[in-house]
Every structure is written in C-alpha cells, then in structure tokens.
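Good morning, and thank you for coming.

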Amino acid sequence: MKKLLLFLVLLLPALGLFAQDRQVTGTVKDGLSKKPLSDVNVVVKGSNLNTKTDKNGKFTLSVKGQNSIDLIISLVGYTTKTVTTNGTIPVSVSLDEDLQNLDDVVVIGYGTVRKRDLTGAVTSVKSDEIKEVPAQNPLQSIQGKVAGADITRGSGSSSSGVTITLRGNRSIGAGNSPLFIVDGVQTASIDDINPNSIESMEFLKDASSTAIYGWQGANGVVIISTKKGTAGKTKVSLNSYYGISNVSRYPSVLDGPGYVALKREANRTIGKWATVADDSKIFNTQELNAIANNDWIDYQKLLFHTGHQQNYNAGVTAGTDKTKMFFNVDYYNEKGILKFDETKRYSIRANVDQSFNSWIKAGVQTQITNRDESYRRDPLNLANKIIPLGTVYDSNGSFILFPVGGNTISPLADEQPDVFSNSAKVTNVIANAYLDLKPIEGLTFRSNFGATIGNTREGSYEGQNSISRATSTGSLAYYNASNSRFINWDNVATYQKQIKDHSFTLTALTSYVESLRDNVGASGQNQLLGSQLFYDLGSATSNMTVSSGYEKWDVISFAGRLNYSYKSKYLATLTARADGASRLSKGNKWASFPSAAVAWRLIDESFMKNLKFLSDFKIRLSYGVAGNSGIQPYGTQSVLQRVPMSFGEKNFQGFTFSDLIGNPDTGWELSKTKNLGFDLGFFGSRLSATVDIYDTNTSDLLLERNLPLTTGVKRVVQNIGSTRNKGIEVALNSVNIKTETFSWRSSLTFARNKEKIVSLVTQGVDDIGSGWFIGQPTRVFYDYEKLGIWQANEVTEAAKFNQVPGDIKVKDQNGDGKIDNINDRVVLGPNNIPKWFGGLDNKISFKKFDFNLYFFARWGQMINPAFLSRYDRQANLSNSGAIINYWTPENGSNDYPRPNANISGASTLYFSTIGYVDGSYIRLRNVSLGYTFSDFKKAFFKDLRIYVAGTNLLTWTKNSKLKEYDPERGGGESAPMLKNVTFGLNIGL
C-alpha cells in the first residue's frame, strides 16, 4: 500500500505536466508573393479555439494536451487549408489565392449559400469594390461593375438621386426599380446608406433568386449587408476625403457677337437688314449701346462655381465570443456648382450581436440619418435663352433686374438677398432587431422585425423679384411636412440536414409589410417680410391654402424553399411564395410565385479531370414567376374630388369623381423568367467568366389606359398588355500578372438587353397617343425622320412639299408626295435605352502603390438633348446654342434651317426633328493612385493609405454634336454632371 501511494505521489507532477497548456505558433503567407497575411482565421478543428494572424502573419494558440491537432487556416479570397501539427515546431502555411472566391458566402433571400452552390443569377460586390469610387450613394460607386445593372445619375445636383434598372424595363405603368433590402429590412432607396458601413451588395437578377420576395421581385432585388462586429482585438478605422468639383461638359450658348450675327441674318432673310446701318431697325437703344461697347454677359460663367465634396468617417469593430459590435459615424457634405445647392448628411450606425448560449442569439442593426438639403431652382434654362447683351450692374453698381430694357428677368435674380430659399430637413431611422433560436441540431428559427421611420420638412420662398415670380404678383411661400412609417416583420425557420452525400436545406417563412404615410402642406402669397421666408405663413395676405394627405397599404406573405445538393455537384432549388396585397382589388389580392433552378458542377465529374486548363465549370438553369403590384394605393377605387361651384351669387362646394376611375378587377402584373447560366474558370482560375442568357415575359401589365371623353372620366388602370425582355450578361475576371511585388487584375462586364412591347389594349394595335408601339421598347422617339435641309439646288423638289431652300427636309415614308402625321411619322429609336453597356476595371499594385483605371460605356441609346433644339430662328426673344450651324445661301448646312425673323421655332415645320442624336459614350469613370504605409513599429496605427482619385475626368461621345454635353443626363441640362478630383486618407488603428 505504501508503495502504491508513493507511486501516485510521484505520478501527480507528471500528470500536471501533461495537463499544462502548450503554445502552438506559426506564420501564414501568400503562396505566390510570400508576403505575410494578416487577419487570417486559425481554428482548432473540433473546438471553439481560434485566433487571427497579426500584421506580420504570425499567430499563437494555447492548446491543452500533447496530442497532434488539426488547424483550419482560412481567409476570404484564399483557399482554405487544414494542417496537422504536434506543436513542437512553428507551423509555416502558404495560402493560395482563390481567384473565383468559390467559398465566399453570398447573401440570398432569407439565407446564405457558398458561391460554388449558387443556382441562380446573383452578383456579389464586396466592400473594397464599393469604396474605390468616392460617392454619396453606393450605387454610383459600382456603375458598370454589375452586368445587367443599368445605373445612371439624374443630374449633377448635390441631392440628385440614382436610377437603377436590372435587365431593362418590363413594366410600363407599375415601375421598374428593384427592391432594396438592408439587413433584412425593405427600404425605398439607399441614399442614406453610408458606403463605408457596407460589407457586401448582392444583386438578384433571375426569377429563381427573386421569387422568394414574390410581390416586389419582378424588377430584381438588391440586398445590402452592413458590417458586423468580430471577436478579437478592437479595430478602429478612420476614413476621410476632400474633393473639388467642376462642370464635366456643358453646352455653350452664343456670345454677344454671335447673337448679333444671328439676328442680323434672321432679318436679312425677310429683307429688313442688309448692312450694319440697318441695326437700328432691329435693336433697341440699350441693345445698340451694348453692341457699341461690346457689353455682353456670360451667364454660365457667373452661375457656375467650384463645388466640393468632403467625407469624414470613423468605424469601430470589436467583440468577444459572446458579444460583437460594429459602430460607425459619418459626415458627408457636398456643395454643388450652383449657389444654394448643398447637401449635408449626418449618420450614425450601431450593429450589435449577442450570443446568450449555444442556441440563443439576438441582435440589432440601427442607423439614424439626418440630411440638411438646400435646392436651387433651375436658373440655367433662363440663362441659356436670355439675350446675352448688356451688363449685370449699372453704373451705380446696382443689380439690373431686367437687362437691356427687356421683359426677361436676369438669371442671377435668385441670388440676390431675401429673394429665394428652398430647403429641406430629412430624418430617417432604420432599426432592425432579430432573435435566433437553435433548439435542436440543424434547426434555426429567426424572427426579424424592422422599421423605417421618416420625417421630412420642406419649405420654399419665392420673392416678387425671383425668377419664378417675375411674371406673377407678389411673393409665394409654402411649407410641407410628411411622416412615414414602414414595418417589416419576417419569421423564418430553416432546417439543414446532411445524409451521406445528400444535403438538404428547408426554409419556411411568413412576412408582413405595412406602409403608412401622412402629409400636410400650407402656402400663401405676399409675405409681410421677405426675410421671414416660409417661417411665418400666417402673415401672408392672400391665397392661403392648406392641404393634407394620408395613405396606407400592407402585404402579407407565406413562402417555402428547398435547397438540395448531391455530392456538391448536383444542385437544385425549389421556391414557392404567396402574397396578398391590400392595394389590389377584392378577389385579386392574392397571387403565387413559384420557381425552380438546377445546377451541375461539371468540373467535379471524373471525365473532366484531364482538362487541365479548366478549373471550374458549372451550368445553371432556372425558371420562375415574380410579381408587381406597383400601382398607387387606392388606385383600384373611384375617389371623389372637391369642385368649387356657385348657384346664383352663392358659393358652395361640389364633388365629382376623379379623372382616374377605379377598376374592381385590377390584379397582379406577372413576370416569368427563364435563365441559362455558365460559370467558368481557366488556368487555375486566373481567368474566370460568368455568362447568363435570359428571357422574361411580363403579362397583365398594370397599364393606365386613356378612355373616351364620352365616359366622363379620362383614365383607368387595367391588367392589359405584355412585354418581353431578353438578353445576355457577361462578367470576366482575370489575373494578368502576379509576382512578389507586382500584380495586375482586370474585370470586364457586358450586358445587352432587348425589350419590346408584345401587346397592348387591342392586339396588334399601337397606342400612338401614349407613345407605345408593338415590337418597340417601352420608351421611344416617334417623329418625322429628318434628312437634312433643303439646299439651293433643290428649289423644284422642295416646292412639291410647299417648302423652300433653308427649310427642314424630312423623309416621305410612303412616297405619296406629301408629308402627313399619320403616314410619315416613324419610331426613330429607343428613348435613352442603350443597346449595351459595360465596364472595364483595371487594378494594378506595385509594392505599396496601388493604381486603378476604370472605364464605363453606355452604347446605342438615342437622346434628344434640350440644347440641340435651343434655336430661335427669329433671334427676337431668346438666345441660341453655340453649336447651331444654320443654313444661309453662303453656308449650305444640313443641320439647322435658315434664320427667319417672321417664323418662330414653334411655327417651323418639323422643328421637333432637329435634336435627335446618338447618345453613345465611353467614360473614364475613375482613376486613382494610392500608397500604403504599413511598417509602423512604434506608431499607434497599423496602416495608413493616402490616395488621389479622379471621377468622370474624360468622356468620349460617338456624335460630335455632344462634345460639350454629358449624355448620361439623357437630354436634360438643369444641373450639369460633374467631374471630381479627390484627395483621401485611410487609417487603421
């Protein structure tokens, strides 16, 4: 017994020795460049032990026991490796870059999948791509980077929004904007989302992907996931940039001498002017003095200023195994190139995730945004038309309200003190709370409740001497306020099961959405004091009005989805969803949206192993139905409107039906999409490609139909007509060169979509009055076809059409010897709808330098810019564009008709034809150069990057007439598009 006790005493220290923690260390490097990789995940297989590598690629783990362990080494963008070690010597691991990122997690509707397991057409854009182009709206940053996403900015105004369509226009009357989802909450736009807080953006394009969203999936879905906290060391990021903005391209107008020459020619045509001695016959005294003194005004130069953009952002990522947090504050300020045009945005975001135990997890994602916006009423329409003669100030230095004694107010009038103000304050709160339960293995229940609450106040004051009130009596002020509340409650149950080579994921959900809005407005004329602006409407002395409004709608939904995988190479997805929408009529509120998709990873088949050049090959095929209920609330009902009436000398209020009559049979607009996709990788995925071919048929269009006047009403919304969209999308990614110190990567996107109207109210019959034509896109130009200008040697031929040389010449389409609006107008082309668009992105790095060169193209669209039609043949009341090359006996131009003091543009035959032009363009969207400092041994920050970037610096247009115009606008010119040069700083702590 004594010997046994002695043995146990001697054994205890040895057992303690074996039970002691041991240190497992190692280094992780890039397999090609051999550079250390930071933030690599190192996990002990089968346990919760994990750590990350430091900036030198090193890691340390404390492990109990002396047995060998398996370490799982992973990093986004690299292939995962598993290594075995007994801890006696440091581990050295080289990770190979995963050029196709097949193991990346892609967010889909109500779930996630690995990229390799996708069956639908989904494009994912990560945070690094979004931040490459400094912009207020994240969609601006990725213009041209997502195949099939046509993204344009409305104008160069600081508050201008962004328009996006996915795979063209399907609907005519129910809208074509995609559905936006931010952290599981639906939202109308993403203008308030700070790009620095975004982790990824997913674009769901085919019906298999969007059918899970049913009622709003027909136009595609954009899912935004914001950043989350991570366990480990706290990380702080500071990002800031400052940029200057100038007009990109803007069409000039005639200067003083140019205007004088045009007016002289217009009067020479009618025999009123022959020499300078006749100037007194066509110019007034003040105009003659201005001509003699060479006094003329360049209003564009006076109105345009240098604008600026500035952004300051701070983010904190922190957490433990239980609690993870992401916190972000942001300030953005953009001052436009026009006075009073400015936007200030303040935002704060907090994302918190809390694990209570192994089966309960909860979290919140909250963002509060406040916007102060100041708007400028367009002065350029007036500045481009007003006669340029005269001076801005008189000899006493006083502002001249009506230059050269004319009747047109100065375009600078709104810039005078207490004359004009238009501003808004907007506050939006996006809050989302979730609860995750995992009661048994494989089963997850998630309840997600989100709300978007908005408050807007807008006020405007227009003084008597403002541009808009120059021809009216007294000042005008108005004040509008609105409140909105959007609720989104989803309950999702997910069950995952692996049975040998078979993998199943079942998803079931219920969803409830409610939208409520109300507004109130007041206006009045003749404010007591102009300096009170719109803040004291009670002092207005006339025409006081008050209005208010209210609307509410909701949708309830049920859905289910099955994801199946066999050996990870045969994949299938089945989805079904049913929606009930309150805004549709009784008996038509509900619709179901099924979809199915299959995929085959051929690369995993044994017969593909000998094709060494091929590193990935997957075929995808899908079919599905999505819906659109996008008519206005109460659009199916007949509503009353007030009509002031009188009987004798007594006034009373009458009521009548609105000119839009209700339709009790209005139902869903349905889109059925077929999609065939290919995912390819070549040469170890140094070259990868994704190709999608699709065909969408949309039926039961929610169309606003015009009615005969004899009905007593004008319009009705009906489910009539159909459209078809088909096209191809291509995305190529390549690693052109990669060495230890130098790399060059390229990405190319291309999208071609052909849309057409298949049917309308009457089968095979066009609706000319609405501009809808069978076999044509949803928006077209319908007009006479301009051939040129009748020339001096065509006197006889021109006379057959009652015209003379110098008049506009159009095509006699049916050859009957006459021009009429029934037989000779044709569809000229699509209205700002491109045949194709795409982008080419090049990323080059050399040691610590990084360089980006990004081009964007939009090709094949026809536009009708306002400046090409800004031609006053009489040169009497307005100016004309500098580009106007008009016909004279000495100048046989085919562009514009001869000036004529007796014929206005409105009276000119076929004048509407002179502005149509091919709007194709290629743009240098972004060019940037940066340098990263990272070897800081004593500094408190771990890395620092400085950069300079230029956006929209160069634009090439196919048509020479657009050399001074930015065709992205599509025809407008109220707020010019801008080019920017930005200087930025990124700091990591």
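Let me begin with arginine 620, which is buried at a relative accessible area of 3%; buried here means under 20% relative accessible area, exposed over 50%, and partly exposed in between, with a 1.4 Å probe and protein chains only. Please bear in mind that this is a predicted model, in which local features need pLDDT of at least 70 and side-chain atom pairs count only at pLDDT 80 or more, while totals for chains, interfaces and linings use all residues. Residues are numbered from 1 along each chain as its sequence is written, and side-chain values use heavy atoms, with hydrogens and water left out.

What does arginine 620 form with aspartate 692? The two form a salt bridge, their closest N and O atoms being 3.0 Å apart; the term denotes a side-chain nitrogen of Lys or Arg within 4 Å of a carboxyl oxygen of Asp or Glu. Because aspartate 692 belongs to strand β34 (residues 687–699) and arginine 620 to strand β29 (residues 614–628), the pair ties together parts 72 residues apart in sequence. Strands (E, at least two residues) and helices (H or I, at least four) are DSSP runs, numbered from the N terminus. Aspartate 692 is likewise buried, at 4% relative accessibility.

In general terms, side chains of opposite charge can pair when their charged atoms come close.

A second pair is aspartate 150 and arginine 858, whose side chains meet in a salt bridge of 2.8 Å, N to O. This one links distant parts of the chain: aspartate 150 is in strand β11 (residues 149–153) and arginine 858 in strand β44 (residues 849–859), 708 residues apart. Aspartate 150 counts as buried at 12% relative accessible area, and arginine 858 as buried at 4%.

Lysine 809 lies in strand β41 (residues 808–810), and glutamate 794 in the loop between β40 (786–789) and α9 (795–799), so parts 15 residues apart in sequence are tied together.

How many salt bridges does the structure hold? The count is 45. A network of them links Glu129, Glu132, Lys145, Asp841 and Lys843.

Threonine 955 is buried, at 12% relative accessibility. Beyond its neighbours within four places in sequence, threonine 955 is in contact (heavy atoms within 4.5 Å) with Ser248, Arg249, Tyr921, Ile922 and Arg923.
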